[in-house]
Amino acid sequence: MIDALLTDLTVFALAIFVGYEVISKVPVILHTPLMSGTNAIHGIVLVGAMLVLGAADSPITRVLGFVAVFLGAVNVVGGFLVTDRMLHMFVPKRENK
Amino acid sequence: MSPTAIHAAYIVSSILFIVGLKQLSSPKTARNGNLTAGVGMLLALAVTLLDRQILSFPLIFAALVLGSGVGAVAARRVAMTDMPQMVALFNGSGGGAAALVSALEMAHIFRTEPRVPADAGVSIVLGALIGSVSFSGSIVAWAKLQGVLGERATTYPGQKLVNLLLLIAILVLAVLVVSNHAGLGAFVVFLVACLVLGVLAVLPIGGGDMPVVISLLNSFTGLATAATGFALHNVVLIISGTLVGASGTLLTYLMCKAMNRPITNVLFGAFGGGPAKAAVGGREAALQGATVREATVEDVATMLGYGQLVIVVPGYGLAVAQAQHAVRELADMLKKRGVSVKYAIHPVAGRMPGHMNVLLAEANVPYEELYDLDQINPEFERADVALVVGANDVVNPAARTDTSSPIYGMPILDADKAKHIVILKRSMKPGFAGIENELFYDPKAMMLFGDAKESISKLVVAVKSL
C-alpha cells in the first residue's frame with residue numbers, strides 16, 4: 001500500500017517538473033490554445049469515469065457514473081476539436097496567388 | 001488485456017501528452033502537437049475499455065456518444081470571441097467528472113471496506129473538493145463572461161467571513177470522513193458545501209480578472225484529475241492531471257504578474273466592484289477640467305496613411321465591437337501604401353490568456369505581426385501613430401508614475417511614447433479598473449469617438465481615397 005503511494009508520489013513530483021519545463025516554453029501568442037489543449041488533456045479523467053461506471057452496481061451509482069462519463073467525453077472531444085480549430089488559424093498560410 | 005499491458009499503454013499515452021505539449025512551443029508544430037495529444041487520449045481510452053474491472057459496456061458507450069456529440073457541436077459552433085466561456089464550460093465538465101469519480105470511489109469504499117484507508121481517503125476527498133469547486137466555479141465564470149450574471153464583482157457584507165467559515169466547515173467534514181468518524185451522509189454534505197464554495201468564491205471577481213480565474217480553475221481541474229489518479233492508482237491520470245495543474249498555475253502566475261497584483265488581491269480584492277472611488281488621487285483631480293482633443297476620420301486617415309510605422313493596441317473593446325476583421329482590412333490597406341503595421345498585445349488584453357492573439361489570428365492577421373509587451377515597448381518611440389482600439393487600463397501611464405493609482409506598477413504598453421496617439425473609444429467611460437486615463441488628455445493624443453468597427457471601416461474608406 002505504502003509502496004504504491006510512494007510510486008504515485010514520485011510520478012507526481014516528476015510530472016510537476018516536466019510540466020513546468022514544457023509549458024514555460026509555450027509562447028504567449030499560443031496561450032489560449034495551450035489552455036484549451038491542456039483542458040482537453042485533463043479530460044483524461046474520463047478514463048476514471050469509465051472505470052467507475054463499468055463497475056457500478058446500483059441505480060444511483062450508474063446514474064452518477066453515466067453523468068461522469070458524459071461530462072468527461074464533452075471535455076475531451078470538445079477540448080481537442082476547439083483547440084484544433086484555433087491552431088488551424090495559426091498555421092502559416094501560403095500566398096493564394 | 002493484462003493489467004501490466006494496460007499500465008504500459010498508459011505510460012505511452014502520458015509520453016504522447018508531453019510530446020504534444022512540447023510541440024505547442026511553436027505555431028508551426030502546434031497543430032500537430034494537439035493531434036499527438038489526441039492520439040495519446042485515444043490510446044488511453046481504448047485500453048481502458050479492455051480493463052477487466054469493466055463489467056458492462058452499453059451505458060459507457062451511450063454516455064461516450066452523447067458526450068462526444070455535445071462536445072463536438074459546441075466546439076464547432078463557438079465563436080472565437082466566446083472562447084473563454086467555452087473553455088470555462090469544458091473545464092467545468094472535467095471538474096465535475098473528477099468530483100463524481102471521487103464520490104463514486106468513496107461510495108464504493110463505504111460499501112466494501114470496514115474503514116476508509118488513509119491514503120485513498122485523502123486523495124478522494126481532495127479530488128472531490130477541488131473537482132466540485134472547479135465545476136461550480138467554472139459555471140459561475142461562464143455566467144459572468146456570457147453576461148448572464150453581469151460582469152461586475154458581486155459583493156456583500158461579511159462575504160470573506162462567510163467563505164472562510166464555509167472552507168473551515170468543509171475541512172472539518174473532510175477530516176471526519178477520512179478519519180472514519182463520519183459516514184456517507186457527512187460526505188454528501190461535504191460535496192454540497194464544496195459546490196457552494198465554488199460559487200461563492202468566483203462571485204466577487206470582476207470580468208476583467210477572468211483571465212486569472214480561468215487559469216486557476218484550469219489548474220484546479222488538473223489537480224483534481226491527479227488526485228483521482230492517486231485514488232485509482234492510475235499513472236496516466238496522475239501525469240496528465242499534474243501537467244495541466246502546472247500549466248494552469250504558470251498561466252495564473254503570468255496573468256497576475258501582467259496586472260502586478262498578487263493572486264490574493266485578484267481573488268479576494270473584489271476589483272472592479274462598485275463605482276470608482278469617490279476620493280480621487282491628486283493626479284486624477286488635476287485631470288478634471290482638462291479637455292480631450294477630438295479627431296476627425298480624415299485627420300486620422302492622413303496620419304496613418306503617411307506614416308512609416310503604425311502600432312495597433314487592441315483591447316477587449318475591439319472584441320466586443322467585433323472589429324478585428326475591419327482592423328486587419330485597415331492594416332492591409334496601410335501595408336499596400338508602404339506603412340508597416342504591428343500589433344501590441346498586452347497579456348490581459350482579452351478575457352483569457354492569449355485571447356487577443358486568437359481573435360486576430362481568426363481575422364487572418366499573420367502571427368509574425370503580433371508582439372508581446374517586452375518586444376513592442378521599445379518600438380513605440382519610432383511609431384508615428386499608436387492606434388488604441390478599445391483598450392484603456394493597459395495604456396494608462398498612471399501605472400508608471402502615480403503611486404496612489406490602483407493599477408500602479410502594472411506593466412503597460414508605452415503607447416504614450418509614440419509620436420501621435422489615436423484612441424478609438426465609445427465614450428469617456430473609465431475601463432475595468434474604474435479610473436481616469438491621463439493618456440486621453442496627452443497633447444499628442446486624439447480621440448475618435450464611436451463604435452470601433454464603424455470608425456475603422458470609415459478609416460479604411462478614408463485611407464483608400466488618400
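Predicted model: local features only at pLDDT ≥ 70, side-chain atom pairs only at ≥ 80, totals over all residues.

Biologist: Which residue of chain A does Arg111(B) meet in a salt bridge?

Modeller: Arg111(B) sits in helix H4 (residues 83-112) of chain B, while its partner is in the loop between helix H3 (45-55) and helix H4 (59-90) of chain A, so the pair joins two chains. Arg111(B) is partly exposed, at 48% relative accessibility. The N to O distance is 3.2 Å, and the partner is Asp57(A).

Biologist: Is Lys342(B) buried or exposed?

Modeller: Lys342(B) makes a salt bridge with Glu379(B), with 2.8 Å between the closest N and O atoms. Lys342(B) is in strand S2 (residues 340-345) of chain B and Glu379(B) in the loop between helix H16 (373-376) and strand S4 (385-389), so the bridge ties together parts 37 residues apart in sequence. Glu379(B) has a relative accessible area of 15% and is buried. The cut-off for buried is under 20%, and Lys342(B) comes out at 15%, so it's buried.

Biologist: And Lys417(B) with Asp414(B): how far apart are the closest N and O atoms?

Modeller: Lys417(B) is partly exposed, with a relative accessible area of 37%, whereas Asp414(B) is buried at 11%. A salt bridge needs the nitrogen within 4 Å of the oxygen, and this pair forms one at 3.7 Å.

Biologist: Which residues do salt bridges with shared partners join into one network?

Modeller: This one is in chain B too. Shared partners link Arg328(B), Asp332(B), Lys335(B) and Glu369(B).

Biologist: Now the domains. How much area is buried between domain 1 and domain 2 of chain B?

Modeller: Domain 1 covers 1-77 and domain 2 covers 83-268, and their C-alpha centres are 23 Å apart. The contact takes 11 residues from domain 1 and eight residues from domain 2. Carbon and sulfur atoms give 84% of the buried area, which is about 730 Å².

Biologist: How many charged residues are on the side of domain 1 that touches domain 2?

Modeller: Across that interface there are zero salt bridges. H1(B) gives the largest share of the domain 1 side, eight residues. By class, that side has seven nonpolar and four polar residues, and the charged count is none.

Definitions and conventions: Residues numbered from 1 in each chain as written. Chains lettered and ligands numbered in written order. Heavy atoms only, no water. Salt bridge = Lys/Arg side-chain N within 4 Å of Asp/Glu carboxyl O. Helix = DSSP H or I, 4+ residues; strand = E, 2+ residues; numbered from the N terminus. Buried < 20%, exposed > 50% of the residue type's maximum accessible area, 1.4 Å probe, protein only. Domains from an automatic or database assignment. Contact = heavy atoms within 4.5 Å. Buried area = accessible area lost by both parts, 1.4 Å probe. Nonpolar A, V, L, I, M, F, W, Y, C, P; charged D, E, K, R; others polar.
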